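Have the sequence and the 3D view open as you read.

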Amino acid sequence: MKLKDKVAVITGAASGIGKEIARTFAAEGAKVVIADLNQAAAEATAKELGGDGKALGVSMDVTNEDQVEAGMAKVISTFGRIDILVSNAGIQTVDPIVDFPFAKWKQLLSIHLDGAFLTTRAALKQMYKQGDGGSVIYMGSVHSKEASPLKAPYVTAKHGLIGLAKVVAKEGAAHKVRANVICPGFVRTPLVEKQIPEQAKELGISEDDVVKKVMLKDTVDGEFTTVEDVAAAALFFASFESNALTGQSLVVSHGWFMQ
Ligand code: NAD
């Protein structure tokens, strides 16, 4: 088992990519914390993954400083330590810049960037105290490297996470804390299901064309990336034990974006 007795906090883990990462980490022996805005779904996921002693559901809005601090304190009082943080909670909105409501812009940046900062700060404090290293993983996107129309705050936030990861890699190095970013292509989760009709409306094309001519157009094989693909990349970063692999971003996108 690659993560035996490691404690992993995964935000946004009550659904989609985060949930599959939690399942993969648990299968590798980690104690997993499902930190999510959706408390009922977080608790149900924790139960599904073994419940008491193995998995913990924590209600947490990652944009709220008090909730992040309280949630991380609960993790430490329950499991005694934090070895891995996966900052994954996120949303998507689709609007051209000229029509973008300021409130929606701020909400998206806050979930992706304030959420990453607040959870990182709390996790690093504990990892530094433990003194035996740790792994911080940010859920970026191909949109950490590329732009698409209609996604201004999302592209901005996802680019920003690469900057944060590089700073954490530099500051964390002396404490053996590594930081890396996973950049998935389109994965068919609720976040993507929601935007297919939204993009069809904005672009004036069919939903089928959104999938084929927008989302998967530049992949090498017309395939969606899967939650399992992304979880495998997360396991690779989480279980890599040295500072040799830090400050990096890995694109998992069926070749949509090639570096
Ligand atoms: P999802 O909608 O299935 O899951 C997102 C989860 O985040 C939900 O459980 C939701 O309750 C939670 N969440 C939302 N706001 C929160 C908040 N303020 N505090 C705590 N939790 C909150 O979406 P997903 O597709 O699994 O996305 C997960 C991450 O992967 C996001 O950061 C997203 O940007 C990124 N991503 C997704 C894709 C894709 O195609 N699905 C591609 C690249 C990157």
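With Val 62 it's a polar backbone atom, 3.0 Å from a nitrogen atom of the ligand. On its own the ligand would expose 830 Å², and the protein buries 92% of that (areas by the Shrake-Rupley method with a 1.4 Å probe; for residues, only the protein chains shown count as cover).

A word on the source: this is a predicted model, where local features need pLDDT of at least 70, side-chain atom pairs count only at pLDDT 80 or more, and totals for chains, interfaces and linings use all residues. Residues are numbered from 1 along each chain as its sequence is written, and side-chain values use heavy atoms, with hydrogens and water left out.

Now for the shell around the ligand. There are 27 residues in it, and Ser 15, Asp 36, Tyr 154, Val 187 and Thr 189 come nearest (a residue is near if one of its heavy atoms lies within 4 Å). By class, the shell has 14 nonpolar, 10 polar and 3 charged residues. Here Ala, Val, Leu, Ile, Met, Phe, Trp, Tyr, Cys and Pro are nonpolar, Asp, Glu, Lys and Arg are charged, and the others, Gly among them, are polar. α6 gives the most to this shell, with 3 residues; helices (H or I, at least four residues) and strands (E, at least two) are DSSP runs numbered from the N terminus.

Which space does the ligand take? The largest pocket. To sit there, more than half of a molecule's atoms must lie within 2 Å of the grid points. α1 (16-27), α4 (102-130), α5 (152-172) and α6 (190-203) each give two or more residues to the shell around the ligand.

The spaces come from a 1 Å grid over the protein atoms alone: in a cavity a 1.4 Å probe fits but cannot get out, while a pocket is an open set with protein on both sides within 12 Å along at least five of seven lines, and lining residues have an atom within 4 Å of a point. Points are joined across faces, edges and corners, and a volume is the space filled by probe spheres set on them.

| Space | Volume | Lining by class |
|---|---|---|
| Largest pocket | about 810 Å³ | 18 nonpolar, 17 polar, 5 charged |
| Second largest pocket | about 220 Å³ | 7 nonpolar, 3 polar, 5 charged |
| Largest cavity | about 60 Å³ | 6 nonpolar, 5 polar, 1 charged |

In the largest pocket, α6 gives the most to the lining, with 5 residues. For the second largest pocket, 15 residues form the lining, and Ala 147, Ser 148, Pro 149, Val 214 and Trp 256 are the closest to its centre. α6 and α7 (207-215) each give two or more residues to that lining, and α7 gives the most, with 3.

Finally, the count comes to 1 cavity of 30 Å³ or more.

Terms used:
Polar contact = N/O pair within 3.5 Å; in protein donor to acceptor, adjacent residues only side chain to side chain.
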